[in-house]
Amino acid sequence: MTDIHQIVTALEDKEYKQAAQLIKKLQTESPENPWVKYYMARYYELTNNPKKAETTYKQILRDITNPKIISQARQGIQRIETAAQDRLQEAIETAKNDPSNLEPALLILEAVTPEDKPAAIQNISRIFQTDTYTTRMQVQSRGWRLYKTGPIAELQIYGEELLNAGIPVFWGTLADIQKIQIFRVQHFQSLSPPVVVCKDTLDRLGAIEFNWSEISQRVEGLLPMFMEIMDYSPHRRTEQFRHKEITQDYAQICDLHIPSRHCILRICDQSYEFQQGIDFTQISADIPASAPKKPKSGSQKPRQIPQSTTRINWNHLLEILDQQLDVTVWSEFTPFAETVLDYTHMLSNIESYVEVDRKSETPWDPAFQLYSGLAFLKNLGNR
C-alpha cells in the first residue's frame, strides 16, 4: 500500500519522476482518497505546470470537503498567483530597460460576450490584482474600452497575458497613431476612378486618385456640436444665471482607411463641399435597385446642386460608399469615447484634424482621431 509520506518525501527531495509514479499508484489503489488530487496538484505546481495545478486546486475546492485539504489548496492557488505576478513584474522591468519600449501607449479592451464575461472578470482581476466588482464595471458587451495607459513595454506584456487568458485586447502607441497621414476630403471630383480634392495636415489643397479596392475599412462616428445657453435655477438662494453647454446637433464623420499608403481620407458633413464635384443626389437617383453597384463617373467641373439638406446629401454619399465598398465598418465610437474623455491631458496632445466650426475645443474631436487611429493600427495587425 502506497504511503502518503512517501509522496511527500519524493516531492521534497525533487524526485518528481518517483513522485508521479507513487501518485499514480495511490490513485489506482485508493481512487476515493481526497489527498490524491491534492498531491497531483502539488506535483503540477512543482514541475512548472501552473495552469494544470491551478485547475486541480480549484477542483478540490469544488469537490472536496476536508477542511485541511481545502486550506492547503487555497494556499496553492495563492502561491501560483503570486509567482505569476512576480514573473509579470520582472518581465515588465526587464522590457523597460530598452528606451524604445517606453513610448506612451494604450491598452484597449474589446467587447466580451455575456457567456465569456464571468471568466473574463476573474482573469482580468487576477492579472491586474483588482477586485471583481471594479472589473465587472469595466468589462463591456459592446464597443472598446480604454483600459490602461502606460509604456508600450508594460502594456504589451499585460496584453499578451490577457490574450493567453482568452480576453480580446489590442494595444498601440500614440506615436504610431500620429504617423498616420490624414487627408480631409473637400469633395469627390470623380468616382471612376475615385478622385478626391482634399487638404493635408498643413492645409495644402490637392487631389488624390485611388482605387476602391485600396480601402480596407471605414470608421464612422457622431461628434456633438455644442451651444451655450443661460441656465436659471429657481432653487438657488439668489436669482442667478449661469452659462450651460448643451448638445445642439451632431457632426457626422467617416474615415476611409488606405493602409497601403498609410493614410486616412476623412470626410465630415460639416466641411464637405456638396455643391462641388459629384452630385450624389443625382447619381443615387439614377441607380435602379437591380443595377450593378457601380455609380457613374461624375463631372470634373464644380456645379450647383439642387437645394437639399446636408443630412440628405450625406446619406446619399454614404449610399455610394456602401455600393462601392464591402469592408468592415467601425461605428461604435460613442461608447469608446465615453471611456476616454476623462484623459484630458492625453487628448490635448492629439491633433484631431476634424473640420467642425467650434467656439471652443472639445475632447470629442481628438477622441475620434484616437478611435480611428487605433482601428487603423488594429487592421495592420499591431498588437
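This briefing describes the pocket, the cavity, the nonpolar cores and some backbone features of one structure. The model is a predicted one. Its largest pocket has a volume of about 460 Å³, and a search of the whole structure finds 1 cavity of 30 Å³ or more. The largest nonpolar core holds 35 residues, and a second, separate core holds 27 residues.

**Largest pocket**

- The lining of the largest pocket consists of 19 residues. Nearest the pocket centre lie Lys 51, Glu 54, Ala 84, Arg 126 and Glu 161.
- Four helices each contribute at least two residues to this lining: H4 (50–63), H5 (67–95), H6 (117–128) and H8 (152–164).
- Helix H5 gives the most to the lining of the pocket, namely 6 residues.
- Sorted by class, the pocket lining comprises 8 nonpolar, 8 charged and 3 polar residues.

**Largest cavity**

- The largest cavity contains about 40 Å³ of space.
- Its lining is formed by Ala 84, Gln 85, Leu 88, Arg 126, Ile 127 and Glu 161. Ala 84, Arg 126 and Glu 161 line the cavity and are also among the residues nearest the centre of the largest pocket.
- Helices H5 and H6 each provide at least two residues of the cavity lining. The most come from H5, with 3 residues.
- The cavity lining divides into 3 nonpolar, 2 charged and 1 polar residues.

**Nonpolar cores**

- In soluble globular proteins, nonpolar side chains tend to be buried together.
- Within the largest nonpolar core, the residues with the most contacts are Phe 336, Met 346 and Leu 370.
- Strands that give two or more residues to this core are S1 (104–109), S7 (217–232), S8 (241–258) and S9 (263–268). Helices that do so are H9 (174–178), H12 (333–340), H13 (344–348) and H14 (364–380).
- Helix H14 supplies the largest share of this core, 9 residues.
- Leaving aside residues up to four places away in sequence, Met 346 touches Leu 106, Leu 146, Thr 149, Leu 174, Val 340 and Leu 370. Of these contacts, Leu 370 is itself listed with Met 346 among the residues with the most contacts inside the largest core.

**Backbone features**

- The peptide bond joining Ser 192 and Pro 193 is cis, with omega at about 0 degrees. Pro 193 is placed in the loop between strand S4 (181–191) and strand S5 (194–199).
- Asp 203, a residue other than glycine, has a positive phi, near 65 degrees. Asp 203 is found in the loop between S5 and strand S6 (205–209). Asp 203 counts as partly exposed because its relative accessibility is 49%, and the exposed class begins only over 50%.
- His 262 is not a glycine either, and its phi is positive at about 55 degrees. The loop between S8 and S9 contains His 262. With a relative accessible area of 30%, His 262 is partly exposed, since buried residues are under 20% and exposed residues over 50%.

How values were computed. Residues are numbered from 1 along each chain as its sequence is written. This is a predicted model: local features need pLDDT of at least 70, side-chain atom pairs count only at pLDDT 80 or more; totals for chains, interfaces and linings use all residues. Side-chain values use heavy atoms; hydrogens and water are left out. On a 1 Å grid over the protein atoms alone, a cavity is a set of points where a 1.4 Å probe fits but cannot get out, and a pocket is an open set with protein on both sides within 12 Å along at least five of seven lines; lining residues have an atom within 4 Å of a point. Grid points are joined across faces, edges and corners, and a volume is the space filled by probe spheres set on the points. Ala, Val, Leu, Ile, Met, Phe, Trp, Tyr, Cys and Pro count as nonpolar, Asp, Glu, Lys and Arg as charged, and the others, Gly among them, as polar. A nonpolar core is a set of buried Ala, Val, Leu, Ile, Met, Phe, Trp, Tyr and Cys residues joined through side-chain atoms within 4.5 Å. Buried means under 20% relative accessible area, exposed over 50%, partly exposed in between (1.4 Å probe, protein chains only). Contact means heavy atoms within 4.5 Å.
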